[in-house]
Amino acid sequence: ASASGSDSVSGVAEEQVSLEGGDWQGSVEIDDDGVHEVQARATDRAGNSAEETEEVKYDGSPPSVDGSFSGTRGDNGWYTSSVSASVSASDSLSGVDRAEVSIDGGGWKGSPAQISGDGTHKAGFRATDVAGNQATQGESTIRIDASPPHSNFRTPQEGGETWVSGEFTFEGESSDATSGLAGVELSLNGGGSWQSLGGSSGDWSF
C-alpha cells in the first residue's frame, strides 16, 4: 500500500503510509489474512499535511472444498443408479463466492450435478472465495452399472418346451457389458433354490 497526494500551491513534498499505527514509510506490504488499518499522509512543501485512514481486507488463503456422492450403492464400489455429486465449501475470511462441479471434463456448474449412464465417470470439485482465491479437489472416479446382466439358454432353446428322458445337459450363455459377471446360477425349481454354475465365465453348462 502507498499514498498519493496533490497540492496546487507549493506542491507535494512527501507521501507516506503507516500500517496498524506503525512507522511512516513510503509503502507497506500487507500479507497477513484479515482486516488491516492503513493510514496515508501527504505533506506539502510548506509543511501542511493531510491524513486519511482506510481499512484493507486481505484474504490470501483459498477456501476449503469437499465433494460427496449419493446414489444406490451396489457391490465392489459400483453404483446401481444415477449418482448425485455435491460440493460443500467454506471460507473464514472473505466467504465463499461459488462452489462448482465438473462431470467427465465438462464445464463447471452448480451443485448438485447428476451423473448417469453405465460406465466409469470422473467428477471434479472446486470453490472460489469472494477475494478470488480458488481451491480444487482432485478428480474422483464414479462407476455406474444400472443394467442387469443378460442370460439365455441355448439348450433347450430359450422359451421352448423340451421333453427329455434320462440325463440332460443345460447349456447357455450369460454376460454383462459394464461391471462384468460375478457369478452365474441355475434354478431347477422356479427360483426356490439356486446352484452355482461357476464364476465369471460367459458360457456355462449343467
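Is serine 187 buried or exposed in this predicted model? With a relative accessible area of 18%, serine 187 counts as buried, because the category requires a value under 20%, whereas exposed means over 50% and partly exposed lies in between (1.4 Å probe, protein chains only). Residues are numbered from 1 along each chain as its sequence is written. The model is predicted, so that local features need a pLDDT of at least 70 and side-chain atom pairs count only at pLDDT 80 or more, while totals for chains, interfaces and linings use all residues, and side-chain values use heavy atoms, with hydrogens and water left out.

Serine 187 is found in the loop between strand 14 (185–186) and strand 15 (195–196), where strands are DSSP runs of E with at least two residues, helices are runs of H or I with at least four, and both are numbered from the N terminus. The side chain of serine 187 forms a polar contact of 3.0 Å with the side chain of asparagine 189, and a polar atom of the serine 187 side chain lies 2.7 Å from the backbone nitrogen of glycine 191. A polar contact here is a pair of N or O atoms within 3.5 Å; within protein, one must be able to donate a hydrogen and the other to accept it, and residues adjacent in sequence count only if both atoms are side-chain atoms. When neighbours within four places in sequence are left aside, serine 187 is in contact (heavy atoms within 4.5 Å) with Gly192, Ser193 and Trp194.

As for the overall architecture, the protein has 0 helices and 16 strands. Of the 206 residues, 28% are buried. Among contacts with a separation of 6 or more, 47% are between residues 24 or more positions apart. The accessible surface comes to about 12,600 Å², with 42% of it belonging to carbon and sulfur atoms, as computed by the Shrake-Rupley method with a 1.4 Å probe, only the protein chains shown counting as cover for residues.

The largest nonpolar core comprises 15 residues, and those with the most contacts inside it are Val101, Ile103, Ile115 and Phe125. Two or more residues are given to this core by each of strand 6 (83–90), strand 7, strand 9 (113–115), strand 10 and strand 11 (134–144). Such a core is a set of buried Ala, Val, Leu, Ile, Met, Phe, Trp, Tyr and Cys residues joined through side-chain atoms within 4.5 Å. Serine 102 also has its place in strand 7, and at 7% relative accessibility it counts as buried. A polar atom of the serine 102 side chain lies 2.6 Å from the backbone oxygen of glycine 106, and, not counting residues up to four places away in sequence, serine 102 touches Gly107, Trp108, Lys122, Ala123 and Gly124.

Charged pairs were examined next. A salt bridge requires a side-chain nitrogen of Lys or Arg within 4 Å of a carboxyl oxygen of Asp or Glu, and by this rule the count comes to 4. One of them joins arginine 126 and glutamate 100 at 2.8 Å, N to O, and this pair links distant parts of the chain, with arginine 126 in strand 10 (residues 119–129) and glutamate 100 in strand 7 (residues 96–103), 26 residues apart. Both arginine 126 and glutamate 100 are buried. Another salt bridge, between arginine 98 and aspartate 97, has an N to O distance of 2.7 Å; arginine 98 is partly exposed at 36%, as is aspartate 97 at 47%. Asp97, Arg98, Glu100 and Arg126 are linked in a network of salt bridges.

A further salt bridge is formed by the side chains of aspartate 203 and arginine 154, at 3.1 Å, N to O. This pair likewise links distant parts of the chain, aspartate 203 lying in strand 16 (residues 203–205) and arginine 154 in strand 12 (residues 150–155), 49 residues apart. Aspartate 203 counts as partly exposed at 49% relative accessibility, and arginine 154 counts as partly exposed at 41%.
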